[in-house]
Protein chains: 2
Amino acid sequence: MKTRERILAASLMLFNEDGEAHVSTNHIADELNISPGNLYYHFRNKEDITLEIFAGFRQRMEALLDAPANRGIMDLEDVWLFLHLVYETIWEYRFLYHNLVDLTRRNRTIRRRFHRLIRKKEQAGKDLCHSLIAAGVMQASDEEVEAVATSMALVATYWLSFATVRADEQGEVELAPAVYQTLSLMAPYLREPERGYLGRLAEAYR
Amino acid sequence: MKTRERILAASLMLFNEDGEAHVSTNHIADELNISPGNLYYHFRNKEDITLEIFAGFRQRMEALLDAPANRGIMDLEDVWLFLHLVYETIWEYRFLYHNLVDLTRRNRTIRRRFHRLIRKKEQAGKDLCHSLIAAGVMQASDEEVEAVATSMALVATYWLSFATVRADEQGEVELAPAVYQTLSLMAPYLREPERGYLGRLAEAYR
């Protein structure tokens, strides 16, 4: 890896472990055993690093969120896979989510872009419901789809933080219960066979 | 107000506005036009202030969360009022919620107590559903109640943060949409007349 990429990877790791606000460029240089001067050759300051990491996150998340509209999710296994990928990406960049209000308050660029990302999440939730309705798997009014999509966006945004605070010990958070919880929001609007599928997931992952 | 109480009130205001991590005891003394020495006469350090504010919050929230088990919530208007009081309390102490992972990581006492508070929120969600089931207003299996109660606890924990990030402009967040969104999680399990009531709320508050 080139130095620039090593800086980004080490920063992401430290941000996730300690929170972005508590990591300085000196910490990052220390972690990589390079001089602060070498770090400043690649990035002007920590905000530059945060913005570049955020740009990478955003690109991946936006590509993911386009999936429900483009490929037409047809059944619950597609939804399961889609949500799993969303949660994997959030987990990889969890520092962004852990202190979202603080981060978006301090950085206007991230604030504007996160705002759009949350709208896109809600839209992806609606697209997903409409795909399942078109496939005959789900039955819900527009109002119900709206409420479910908003709840899905909120749960997807905060589940990993919630699970972190709720856990007795800090450590890796499992993704399958996150996926199950998100799916459970759609459960009452699903056909009987799909509800059965969810019931089996509940036994496995709750 | 006595100086001690004025310090707590000013701290709460500054924490809510700027985030607890970004407020120092000097800021607080400045805001009150008192000397840092006067502040230190009442509190050893900022952590002491944070813990005392948290204790006040916790007392109020725990008393609130006991309501569904003790008084037996009977209809949706009771639920509406109960949730409104929960959101009012969270809004008043929103700094705790805005950067929850950071705060609970830095402070073990808050971490342990918040952990219990979230469990209590989930229990209150379950008590609430069981009250409505007993009153014949709601119909759901234990598994469904479990999923709904967890989602209610998550939405109640994070709605105000979510609404803050989702809004175009920073400012006061409205509580009625938060209540509506939380109620919508129970909607599919309600009797027809109660669903109608929710539908009218949706028109008013969405």
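**Figure 1. Secondary structure of chain A in the predicted model.** Chain A contains eleven helices and zero strands, where helices (H or I, at least four residues) and strands (E, at least two) are DSSP runs numbered from the N terminus. Along the sequence this gives the pattern α-α-α-α-α-α-α-α-α-α-α, and the C-alpha atoms of chain A fill a box of roughly 60 × 35 × 30 Å, taken along the principal axes. This is a predicted model, in which local features need pLDDT of at least 70, side-chain atom pairs count only at pLDDT 80 or more, and totals for chains, interfaces and linings use all residues. Residues are numbered from 1 along each chain as its sequence is written, while chains are lettered from A and ligands numbered from 1 in the order in which they are written. The average pLDDT of chain A, pLDDT being the predictor's confidence in each residue from 0 to 100, is 90, with 97% of the residues scoring at least 70; the model scores ipTM 0.90 and pTM 0.91.

**Figure 2. The two domains of chain A.** The domain assignment, whose bounds come from an automatic or database source, divides chain A into domain 1 (1–44) and domain 2 (51–205). The C-alpha centres of these two domains of chain A lie 30 Å apart. Eight residues of domain 1 of chain A are in contact with eight residues of domain 2 of chain A, two residues being in contact if their C-beta atoms, placed from the backbone, lie within 7 Å. On the side of domain 1 of chain A that touches domain 2 of chain A, four residues are nonpolar, three polar and one charged; here Ala, Val, Leu, Ile, Met, Phe, Trp, Tyr, Cys and Pro count as nonpolar, Asp, Glu, Lys and Arg as charged, and the others, Gly among them, as polar.

**Figure 3. The loop residue Asn33 in both chains.** A:N33 lies in the loop between α2 (25–32) and α3 (36–42) of chain A, and its phi is positive, about 60°, although A:N33 is not a glycine. A:N33 counts as exposed because it has 7 C-beta neighbours inside 10 Å; a residue is buried if 20 or more other C-beta atoms lie within 10 Å of its own, exposed if 12 or fewer, and partly exposed in between, with C-beta atoms placed from the backbone. In chain B, B:N33 is found in the loop between α2 (25–32) and α3 (36–42), has a positive phi of about 60° although it is not a glycine, and is exposed, with 7 other C-beta atoms within 10 Å.

**Figure 4. The surroundings of A:P68.** A:P68 belongs to helix α4 (residues 46–72) of chain A and counts as buried, because 22 C-beta neighbours lie inside 10 Å. Leaving aside neighbours within four places in sequence, the residues in contact with A:P68 are A:I73, A:F82, A:A124, A:D127, A:L128 and A:S131. A:D127 is 59 residues from A:P68 in sequence, yet the two are 5.7 Å apart in space, C-alpha to C-alpha.

Figure 5. Not counting residues up to four places away in sequence, B:V148 touches B:G125, B:C129, B:A140, B:L185, B:M186 and B:Y189. Helix α10 (residues 176–184) of chain B is mostly covered, with seven of its nine residues buried; these are B:A178, B:V179, B:Y180, B:Q181, B:T182, B:L183 and B:S184.

**Figure 6. The interface between chain A and chain B.** Across this interface, 34 residues of chain A are in contact with 34 residues of chain B. On the side of chain A that touches chain B, at least two residues each come from α7 (100–106), α8 (108–134), α9 (142–166), α10 (176–184) and α11 (192–205) of chain A, and the largest share, 14 residues, comes from α9(A). By class, that side of chain A has 16 nonpolar, 13 polar and five charged residues. Because 100% of the interface residues of chain A are also interface residues in chain B, the copies meet through the same surface.
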